[in-house]
Amino acid sequence: MKKVIIVNGSPRKNWNTYKMCESFANGVKTAGGEAEIINLYDVDFKGCRSCFACKLKGGKSFGRCAYPDGLPAILDKISAAVGLVVASPIYCSDVTGVTRCFIERLTFPFFEYKEGYPSIAPKKLKTAMIYTMNVSETLSNQMYPDLFDKTEFMIATVFEKPVRIFAYDTYQFSDYDKYVVETFDKNEKLKHKEEQFPKDLQKAFEAGKNMIQSINI
Ligand SMILES: Cc1cc2nc3c(=O)[nH]c(=O)nc-3n(C[C@H](O)[C@H](O)[C@H](O)COP(=O)(O)O)c2cc1C
């Protein structure tokens, strides 16, 4: 079975990012693959501790992050999979802190300090990134010109270059009237949620299908 691990870097289950993950998973399953969504906020872990056990000559965890917390079991699942999806909302002009911590732990052990920085990942996984954010596509292009390339640099280096899927202008509050929100129009947000978000979900679904169809094993 072709298995894809989908990592949700949003704290909110059943909100925008999670729904994009679910739709990707449905695409994977429709194409005959298997998908598992992991909610990163449920995992007990922090970022890289700089222990360098993954780079120790002759070390028993060379090329692998074995720091004893909740993450190594998930990293091993990813190494055994054929595809990986990392999904995150944009928080303060970046992916969530938890998503960054995850990317450090995932990619650094596979990145060898050798000429050309060859990847020692067990395999070149197919990858995709899902980003959700409050701002529009136009604003995102103006505000975050380098963010996505920068976020994906290590993933693209150790695995395959990710496919990107976006959901812009997301619906952020269950009831806009309860919160102080003057910069976004609640009716425009609702219209976008009803008209555009289903299309974004469909893009995630198609990307899931395509990932499985592009893998020959
Ligand atoms: C702490 C915090 C910071 C945020 N910063 C940004 C930001 O810089 N740019 C942006 O477009 N949206 C920002 N947002 C909005 C979220 O990215 C957006 O609502 C996202 O779709 C939420 O994903 P979720 O529904 O899966 O929780 C922020 C939200 C929070 C909670």
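Reader: Hi! Which residue has a polar backbone atom 2.9 Å from an oxygen atom of the ligand?
Author: That's Ser93. It is a polar contact, meaning a pair of N or O atoms within 3.5 Å; within protein, one atom must be able to donate a hydrogen and the other to accept it, and residues adjacent in sequence count only if both atoms are side-chain atoms.

Reader: Good to know. What should I keep in mind about the model?
Author: The model is predicted, so local features need pLDDT of at least 70 and side-chain atom pairs count only at pLDDT 80 or more, while totals for chains, interfaces and linings use all residues. Residues are numbered from 1 along each chain as its sequence is written, and side-chain values use heavy atoms, leaving out hydrogens and water.

Reader: Where does its side chain reach?
Author: The side chain of Glu104 reaches the backbone nitrogen of Cys48 at 3.0 Å. Not counting residues up to four places away in sequence, Glu104 touches Gly47, Cys48 and Pro109, where contact means heavy atoms within 4.5 Å.

Reader: Which helix is it in?
Author: Glu104 is in helix 3. Helices (H or I, at least four residues) and strands (E, at least two) are DSSP runs, numbered from the N terminus.

Reader: Which residues of helix 2 are buried?
Author: Leu71, Pro72, Ile74, Leu75 and Ile78 are. They sit on the same side of helix 2, because they cover an arc of only 160° around the axis, taken from the directions from the helix axis to the C-beta atoms. The face turned away carries the exposed Ala73 and Ala80.

Reader: What do those buried ones pack against?
Author: They pack against strand 1, strand 2 (34-39), strand 3 and helix 3. Phe102 is in contact with Leu71, Leu75 and Ile78, among others, leaving aside its neighbours within four places in sequence.

Technical notes:
Buried < 20%, exposed > 50% of the residue type's maximum accessible area, 1.4 Å probe, protein only.
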